[in-house]
Amino acid sequence: MRNAEITGWGKCMPPNVLSNHDLEQLVDTSDEWITSRTGIKERRISHVEASELGAVAAKRALAAAGKTAEDVDLILVATCSGDSIIPATASLVQKHLEAWNAAAMDINAACSGFVYGLVTGTSMISSGGYETVLIVGTEKLHYIMDFTDRNTCVLFGDGAGAVVLEATEDDAGLLASDLGIDGSVGHILEVPVDGSHGDRTHPDPQMCGISMEGQEVFKRAVTKMGESSTISLEKAGIALEEVDLLIPHQANVRIIDATARRLGLDEGKVFVNIHSYGNTSAATIPVALTEALEQGRIQPGSLIVFAAFGGGLTWGSAVYRWGKRIEPIAESDAQLPPTDLTTMDLLQPNFDFFGLPEKMA
Ligand code: COA
């Protein structure tokens with residue numbers, strides 16, 4: 001049966017680091033609080049837009065798949081902090097790649113966006129129309145981070161990951177999935193106005209930043225990531241013991257641990273890299289997948305569960321059987337342009353717009 005298989009993978013993390021110790025200089029927080037409550041030690045702050053981060057990750061994924069931009073017939077970009085509303089970030093990624101044979105569109109399912117993209121891309125291939133689909137998760141979340149709010153400004157970061165999906169007749173690819181959303185509680189994690197490119201226009205700065213009821217999001221994340229994974233496993237006819245690796249959305253290490261506990265999955269089978277990057281929303285899963293491959297955590301035929309939860313409130317899970325190849329075919333020399341700007345230089349527009357962080361005021 002025609003399915004779709006991940007044949008290339010890549011990530012692009014911008015070079016500027018914002019550590020917990022840096023945050024201690026800005027707001028009333030501590031490395032100890034952030035580490036124990038979230039698992040995060042540092043995150044990246046990007047000097048380029050989400051489309052450029054995504055394009056570099058995509059070039060690396062294409063090289064790993066042994067494909068060129070011309071081979072791509074569909075680009076799906078999962079983002080909630082794209083460059084602009086119109087054109088879509090997917091259009092800008094197409095331009096960076098010069099992938100002129102591709103259709104392209106954005107998917108905004110916030111942190112669940114990559115899982116939504118994987119399911120959509122697989123369906124587009126399985127239904128016969130497409131051969132090579134690029135799925136990019138990319139975020140420049142710092143644009144919407146308000147450093148006067150210690151509840152949210154410690155959680156998020158920037159980055160991008162990408163995969164190439166290709167048609168296959170092998171026993172590999174998506175076995176089952178479950179996607180959902182509860183729009184009635186969308187307001188508990190929201191950015192009411194504005195895209196990330198151009199001037200902010202709303203007279204009330206608070207309307208332009210992330211606002212969140214953290215504990216409500218936490219409870220729902222734990223419940224839904226576990227429930228959704230169980231539904232996908234049942235649909236696939238896969239027992240929990242057969243799962244080799246859970247790659248969850250990286251929002252909070254306590255959410256990840258609680259999800260694994262609810263499922264009854266051994267912690268050695270859970271991939272965690274939140275300490276390095278924080279929550280990069282739609283980018284967390286493709287970045288984690290790339291690092292899992294780099295670290296030898298995935299073998300030919302491995303059974304992987306992807307699970308995500310995010311704004312909307314969305315959730316999604318997928319049971320995926322890895323194919324034969326775990327090494328990239330080639331490596332891309334694509335790089336971000338260099339920058340002389342410091343992390344604080346990059347955050348200055350946030351301070352100007354949202355207000356100075358407590359300790360700078
Ligand atoms: N540094 C120090 N203290 C902080 C803090 C920070 N950065 N942020 C909040 N606090 C304080 C609170 O003000 C509160 O103080 P109080 O007891 O004096 O009122 C205390 O820490 C506990 O706050 P609480 O909200 O109960 O903490 P928590 O254990 O629920 O952790 C989150 C807060 C945000 C880390 C947690 O709720 C969470 O991760 N939620 C989900 C967020 C998420 O993943 N969002 C994206 C979904 S994709």
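The model is predicted, so local features rest on a pLDDT of at least 70 and side-chain atom pairs on 80 or more, while totals for chains, interfaces and linings use all residues. Residues are numbered from 1 along each chain as its sequence is written, and side-chain values use heavy atoms, with hydrogens and water left out.

**Stop one: helix H2**

Select residues 31–38, which form helix H2; helices (H or I, at least four residues) and strands (E, at least two) are DSSP runs, numbered from the N terminus. Its buried residues are Asp31, Ile34 and Thr38, where buried means under 20% relative accessible area, exposed means over 50%, and partly exposed lies in between, with a 1.4 Å probe and protein chains only. These residues lie on the same side of H2, because they cover an arc of only 85° around the axis, taken from the directions from the helix axis to the C-beta atoms. Just after H2, select Gly39, which takes a positive phi of about 90°.

**Stop two: from H2 to the loop**

Now show Lys41 and Asp31, which form a salt bridge with their closest N and O atoms 3.1 Å apart; the term requires a side-chain nitrogen of Lys or Arg within 4 Å of a carboxyl oxygen of Asp or Glu. Lys41 lies in the loop between H2 and S3 and Asp31 in helix H2, so the pair ties together parts that are 10 residues apart in sequence. Asp31 is buried at 15% relative accessibility, whereas Lys41 is partly exposed at 36%.

**Stop three: strands S4 and S5**

Select residues 74–78 and 103–107, the parallel strands S4 and S5, which are joined by 5 bridges; two strands pair if DSSP finds at least two bridges between them. Ala78 stands opposite Ile107 in S5.

In helix H7 (residues 214–236), Glu227 and Lys224 are 3 residues apart, separated by about one helical turn, and their side chains meet in a salt bridge of 3.3 Å. Finally, select Lys11, Glu291 and Glu294, which are linked in a network of salt bridges.
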